[in-house]
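Dear colleague,

I am handing over a structure that you have not worked with before, and I would ask you to look through it alongside the notes below. The notes begin with a term that you will need and then go from the overall picture to single residues.

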Amino acid sequence: MSDQEQWVLTLDLPPAKVEALEEALAALQDPETPPTFSHFEADDAGAIWRFSAYFLPAPDADAVRRAVEKVAGADVAVEYGPVPDKDWVLESLQALKPVTAGRFFVHGRHDADKVPDNVIAIEIEAAQAFGSGNHATTQGCLIAIDELATRGLRPKRILDLGCGTGILAIAAARVWPDAHVLAADNDPIAVDIAAANGKLNGVSIQCALSEGMEAGVVRDNGPYDLIVANILMQPLIELAPGIVAALQKSGRIILSGLLESQKAAVEAAYEQQGMKLERHILLEGWSSLMLHQP
């Protein structure tokens with residue numbers, strides 16, 4: 001076996017034995033080149049985990065087998081061999097299927113030839129930022145944006161807070177091309193990706209680095225007619241006063257990143273700021289909220 005070839009060990013075992021097996025396998029390697037491990041539930045009850053160990057360089061197969069037998073027993077089925085030489089980026093992209101949410105059709109470059117007629121197409125590649133369109137929270141926000149557009153709402157200033165890949169800012173710019181759309185995130189990688197995706201989709205969005213509502217550009221571009229924030233429950237609650245303060249009178253907010261069980265707490269935080277729930281979109285156990293100022 002080549003010192004430059006990565007090998008992988010895969011087997012199923014009870015979760016109580018995972019730590020012991022990790023220790024036994026780590027002992028086979030130089031401390032400066034330790035194996036890396038992954039595991040996940042292999043059955044609905046969680047009684048068996050699928051365990052994988054990656055080695056570079058790879059230890060002797062007999063030594064690996066002895067370590068496994070010492071922890072898991074001699075009868076356990078083991079796969080051990082070189083990691084297949086694949087284009088993992090291409091494979092991960094091809095696994096992402098196009099998503100339809102309202103009139104939006106979100107797809108990767110590999111599915112550009114599958115865009116149907118009479119949709120609003122958005123091309124997004126999997127990247128180091130949240131928002132490929134495949135998660136229910138993103139889909140819920142897209143549905144909410146589309147509903148507002150089809151109802152005739154015409155916001156002039158829009159903020160996508162925690163923009164990730166910029167998918168929601170791009171969606172807003174597609175249905176409201178005359179609006180000024182600001183996409184903000186506290187991750188500089190996300191800001192760069194959002195800007196690149198905006199250009200890829202032929203829309204004009206401003207992208208900025210901001211920790212919540214703190215950046216001057218976020219404050220200066222307000223007040224907003226529409227604010228979209230697909231983040232998490234706790235930041236949404238903490239940001240409620242600042243988000244509502246940056247909203248134009250009679251403006252709207254779309255919030256997501258919430259489990260159904262978290263809806264009530266977030267709704268209450270925004271009701272305290274004078275907002276009222278207008279629409280609750282529930283997809284696969286995830287909630288997206290549309291609120292307005294009465």
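A residue is called buried if its relative accessible area is under 20%, exposed if it is over 50%, and partly exposed in between, with a 1.4 Å probe and protein chains only. Please keep in mind that this is a predicted model, in which local features need pLDDT of at least 70 and side-chain atom pairs count only at pLDDT 80 or more, while totals for chains, interfaces and linings use all residues. Residues are numbered from 1 along each chain as its sequence is written, and side-chain values use heavy atoms, with hydrogens and water left out.

Of the 294 residues in the protein chain, 45% are buried. If contact is taken to mean heavy atoms within 4.5 Å, then residues 24 or more positions apart account for 66% of the contacts with a separation of 6 or more.

Turning to the aromatic residues, rings of Phe, Tyr and Trp (its six-membered ring) pair if their centres lie within 6.5 Å, and planes under 30 degrees apart count as stacked, over 60 as edge-to-face and the rest as tilted. By this rule there are 3 aromatic pairs. In one of them, Phe55 and Tyr80 have ring centres 6.0 Å apart and planes at 90°, so the pair is edge-to-face. Because Phe55 belongs to strand 3 (residues 49-55) and Tyr80 to strand 4 (residues 78-82), the pair ties together parts that are 25 residues apart in sequence. Phe55 itself is buried, at 0% relative accessibility, and together with Trp7 and Tyr80 it forms one aromatic cluster.

As for the cysteines, a disulfide is a pair of cysteine sulfur atoms within 2.5 Å, and the structure holds 0 of them. The sulfur of Cys141 is 13 Å from the closest cysteine sulfur, which is in Cys163, and this is too far for a bond. Cys163 is likewise in no disulfide, with the nearest cysteine sulfur, in Cys207, 6.0 Å away. Cys141 is buried at a relative accessible area of 0%, and Cys163 is buried at 3%.

With kind regards

How values were computed
Helix = DSSP H or I, 4+ residues; strand = E, 2+ residues; numbered from the N terminus.
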